[in-house]
Amino acid sequence: MPIANEKEYRDKVLKCPFCLAFIEKVGEVPNPFGQDLDGGECAQCGARFIYERSWRRQGEAYGDAIAYAYDWDYDSVYENVDARYEEAVVRYNNTSGKYLLGEGDFKERSPKYFFIRRMDIEQEEEEV
Ligand SMILES: [Zn+2]
């Protein structure tokens, strides 16, 4: 997977874990199924992410990130066998003020960014 390695990722600015472009801002992502979420998009490669501060909601945030990458079309994620994406987790360590790749160990409660980059986005829909 073309995910940046941990060493080159460590930084105090948020970068896309796939292409290392700087993520300029985290904005509000309208969620048609519930509360609006914090997240955004990589301007360079189109990866989308959801930010979740509370560790209790991180499982949901991961699902939301996938749904967001697919424009909230859950069917196309779960029923389309061609739905391919890569995922990466970036956590923000409050203590060190650094962004780190990966989820850390189970005690890790840093806020996390769930990045999803579609790998099927430039393909034409194929007739079945
Ligand atoms: Zn990117």
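Which residues have the most contacts inside the largest nonpolar core? They are F49, I50, A65, F114 and F115, in a core of 25 residues, where a nonpolar core is a set of buried Ala, Val, Leu, Ile, Met, Phe, Trp, Tyr and Cys residues joined through C-beta atoms within 7 Å. Helix 2 gives the largest share of this core, five residues, and strand 3, helix 2, strand 4, strand 5 and strand 6 each supply at least two.

The model is predicted, with local features requiring pLDDT of at least 70 and side-chain atom pairs counted only at pLDDT 80 or more, while totals for chains, interfaces and linings use all residues. Residues are numbered from 1 along each chain as its sequence is written.

The protein chain has three helices and six strands, arranged along the sequence as α-β-β-β-α-α-β-β-β; helices (H or I, at least four residues) and strands (E, at least two) are DSSP runs numbered from the N terminus. Of its 128 residues, 28% count as buried, a residue being buried if 20 or more other C-beta atoms lie within 10 Å of its own, exposed if 12 or fewer, and partly exposed in between, with C-beta atoms placed from the backbone.

The six strands form an open sheet in the order 1-2-3-6-4-5 with antiparallel pairing, two strands being paired if DSSP finds at least two bridges between them. Strand 1 (27-29) and strand 5 (98-101) stand at the edges with a single partner strand each, so one side of each is left without a neighbour in the sheet. From one strand to the next the twist averages 35°, angles running from 0 to 180 degrees between the N-to-C directions of axes, which are lines fitted to C-alpha atoms, for helices over the stretch in contact.

The covered face of strand 5 carries Y99 and L101, and the uncovered one K98 and L100.

Helix 2 (residues 58-69) lies across strand 1, strand 2, strand 3 (48-52), strand 4 (85-93) and strand 6 (112-118), running at about 160° to strand 3. Leaving aside neighbours within four places in sequence, F115 is in contact with residues including F49, A65 and V90, contact meaning that C-beta atoms, placed from the backbone, lie within 7 Å.

How values were computed
Contact = placed C-beta atoms within 7 Å.
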